[in-house]
Structure formats: structure tokens, C-alpha cells
Amino acid sequence: MQSTINDFSGTPHRAVTIEKGTKEANRITSERADDDEENDKMMDFRTLSGLQGRCSVKNVTVISELRDNLSIALSEKKQNVWVVQEDKGILYKDETPFTELENRKQIEVMIGNSERSVGRICEGKEPKLDVISNSTGASQKSRMSCKHFTEPENLFNYTKENILGGNAEVKCPKCDALWEMVELVTKSNMSPDEQIFFGKAMFINTQTKKTLTHLVHKELSKKILLIPSYI
Ligand SMILES: [Zn+2]
């Protein structure tokens with residue numbers, strides 16, 4: 001402290017104190033401005049199963065860059081971190097502009113399962129044919145209700161593709177048997193977030209299908225009513 005005062009040799013002690021006080025005030029004000037600026041570049045996020053936090057969105061232009069930052073904030077691998085909109089069943093693609101999310105209060109995140117094969121054991125000693133990839137391999141496979149086999153990762157990707165494609169049903173590609181949602185969730189080892197997201201997306205697809213079916217029936221019944229009774 002003594003050396004600081006000596007730096008202002010010849011200046012009354014009181015003046016030094018004021019000078020120091022002003023500098024300190026300026027430093028705090030300047031830090032606060034930096035903090036505000038930094039806060040402006042942060043956004044709240046929450047995972048579908050309830051984890052909350054803040055993530056930098058500084059210089060983020062596309063969803064892929066946002067996933068990079070979220071993976072740091074969540075200490076998760078990028079391949080397991082997805083940006084979604086639960087109530088609409090949207091999973092954002094990497095190339096989607098970040099501007100689509102900028103006005104949202106919170107980023108919705110789905111954390112995937114990184115080790116989907118754990119806990120899945122192939123029944124029988126012989127390697128089974130994967131009904132989705134159509135290949136045989138020594139990897140662990142799930143036995144589906146229709147008695148066909150598939151790897152959890154292949155089943156997950158197949159389920160994801162079907163649901164995001166708007167399908168209200170997921171069927172075995174070999175025998176056309178219906179695979180129920182509960183079977184898809186269990187046998188593809190979905191994470192809690194994936195269960196919430198794909199469950200909701202499937203529900204939306206089912207509702208959309210019902211509405212479309214209803215509209216088609218309505219149109220058909222109108223046409224039937226238009227046919228003159230004497231025909
Ligand atoms: Zn089958």
C-alpha cells in the first residue's frame with residue numbers, strides 16, 4: 001500500500017484516496033458493463049428431463065455451433081446433445097440458422113443415450129440377421145415382438161427417421177408387424193429425454209393423422225351427399 005501512495009509523491013493523502021476510489025468505481029462500472037454484455041450473449045437452457053443452466057450463444061450462427069456450446073455447458077459429447085422443440089416435435093438440424101431460436105426464452109435440449117447397446121443381449125448363440133440393416137454381426141441385438149432381431153442403435157435410428165418423417169406407426173421392415181412405442185423405447189434403450197421427445201412427437205403424428213383422416217371422411221361424406229338420390 002505504501003508503494004502506491006509513494007507513486008503519487010507530493011499529492012496529499014486525501015487526493016490519492018479519491019483518485020483510488022474513482023479508479024475503483026470506474027473499474028467496477030466497466031466490469032459491470034462487460035458482465036451485461038456477456039449476459040446478453042448467454043441463453044437459458046433446460047433438458048427435457050429438467051436439468052437447467054445457461055449457455056453462451058456468442059457468435060453462434062447455426063444450430064451446430066449451439067450444440068458445440070451446449071456440449072461444453074453440459075459436459076456431454078456433442079453427438080448426444082440435440083436442440084429440440086418439444087411441443088411441436090421438432091429436432092433442429094445442424095444447418096438451421098440460430099435466428100429461429102433467438103426469440104425463445106429458453107433452449108430445449110435432448111440428451112441422447114451414448115451407450116445404447118449396454119444391457120441388450122442377443123438371444124441364442126448364432127449371430128442373428130439385423131432386420132433393419134439386413135446384415136449379420138456379432139453385436140448385441142434386441143429380439144422384437146415379431147421375433148425378428150435388430151441392434152438398439154439401428155432400431156433407434158429407424159424409429160427416429162420414422163417419427164421425424166411424420167409416421168404415426170413404426171413397423172418391422174421385414175414382416176410389417178407393428179412395433180409399439182413402449183417396445184421401441186425399451187429395445188432401443190432411449191434416454192429419459194429421448195423418451196419424452198419421441199413420445200410427444202409420436203403423439204403429435206397420431207393426432208395429425210386422426211385430423212387428416214377426419215377431414216378426408218368429411219370431404220367424402222360431402223361428395224356422397226351431393227350425389228342425387230335418383231341415381
Ligand atoms: Zn418382423
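Visitor: Is Lys 171 buried, exposed or partly exposed?
Guide: Lys 171 counts as partly exposed, at 32% relative accessibility. Buried means under 20% relative accessible area, exposed over 50%, and partly exposed in between, with a 1.4 Å probe and protein chains only. This is a predicted model, in which local features need pLDDT of at least 70 and side-chain atom pairs count only at pLDDT 80 or more, while totals for chains, interfaces and linings use all residues. Residues are numbered from 1 along each chain as its sequence is written, and side-chain values use heavy atoms, with hydrogens and water left out.

Visitor: Which residue forms a salt bridge with Lys 171?
Guide: Glu 169 does, with the closest N and O atoms 3.9 Å apart. A salt bridge here is a side-chain nitrogen of Lys or Arg within 4 Å of a carboxyl oxygen of Asp or Glu. Glu 169 is also partly exposed, at 36% relative accessibility.

Visitor: How many salt bridges does the structure hold?
Guide: It holds nine. One of them joins the side chains of Asp 68 and Lys 78, at 3.1 Å from N to O. That pair links distant parts of the chain: Asp 68 is in helix α3 (residues 63–74) and Lys 78 in the loop between α3 and β3 (81–85), 10 residues apart. Helices (H or I, at least four residues) and strands (E, at least two) are DSSP runs, numbered from the N terminus. Asp 68 is partly exposed at 32% relative accessibility, and Lys 78 is partly exposed at 26%.

Visitor: And what about Glu 194 and Arg 116?
Guide: Their side chains meet in a salt bridge of 2.9 Å, N to O. Glu 194 belongs to helix α6 (residues 192–226) and Arg 116 to the loop between β5 (106–111) and β6 (142–143), so the two lie in distant parts of the chain, 78 residues apart. Glu 194 counts as buried at 2% relative accessibility, and Arg 116 counts as buried at 4%. Together with Glu 153, these two residues are linked in a network of salt bridges.

Visitor: Which ring does Arg 116 lie over?
Guide: Arg 116 lies over the face of Phe 156, at 3.6 Å from the ring centre. A charge sits over a ring if NZ of Lys or CZ of Arg is within 6 Å of the ring centre and within 35 degrees of the ring normal. Likewise, the charged end of Lys 160 sits over the ring of Trp 82, 4.4 Å from its centre.

Visitor: On to the rings, then. How many aromatic pairs are there?
Guide: A search of the whole structure finds three. Phe 156 and Phe 198 are edge-to-face, because their planes stand at 85°, with the centres 5.6 Å apart. Rings of Phe, Tyr and Trp (its six-membered ring) pair if their centres lie within 6.5 Å; planes under 30 degrees apart count as stacked, over 60 as edge-to-face and the rest as tilted. Phe 156 lies in helix α4 (residues 152–164) and Phe 198 in helix α6, so the pair ties together parts 42 residues apart in sequence. Both Phe 156 and Phe 198 are buried. Tyr 158 and Trp 179 also form an edge-to-face pair, 6.0 Å centre to centre with 70° between the planes.

Visitor: What links Phe 156, Phe 197 and Phe 198?
Guide: Ring pairs link these three into a cluster.

Visitor: Changing topic: in what order do the strands of the open sheet come?
Guide: The five strands come in the order β2-β1-β5-β3-β4, with mixed pairing. The edge strands are β2 (52–56) and β4 (90–91), each of which pairs on one side only. Two strands pair if DSSP finds at least two bridges between them.

Visitor: Do β1 and β5 run parallel or antiparallel?
Guide: They run parallel, joined by four bridges; in β5, Glu 108 is the bridge partner of Arg 46. β1 and β2, by contrast, pair in the antiparallel sense over five bridges. β3 and β5 are antiparallel and joined by four bridges.
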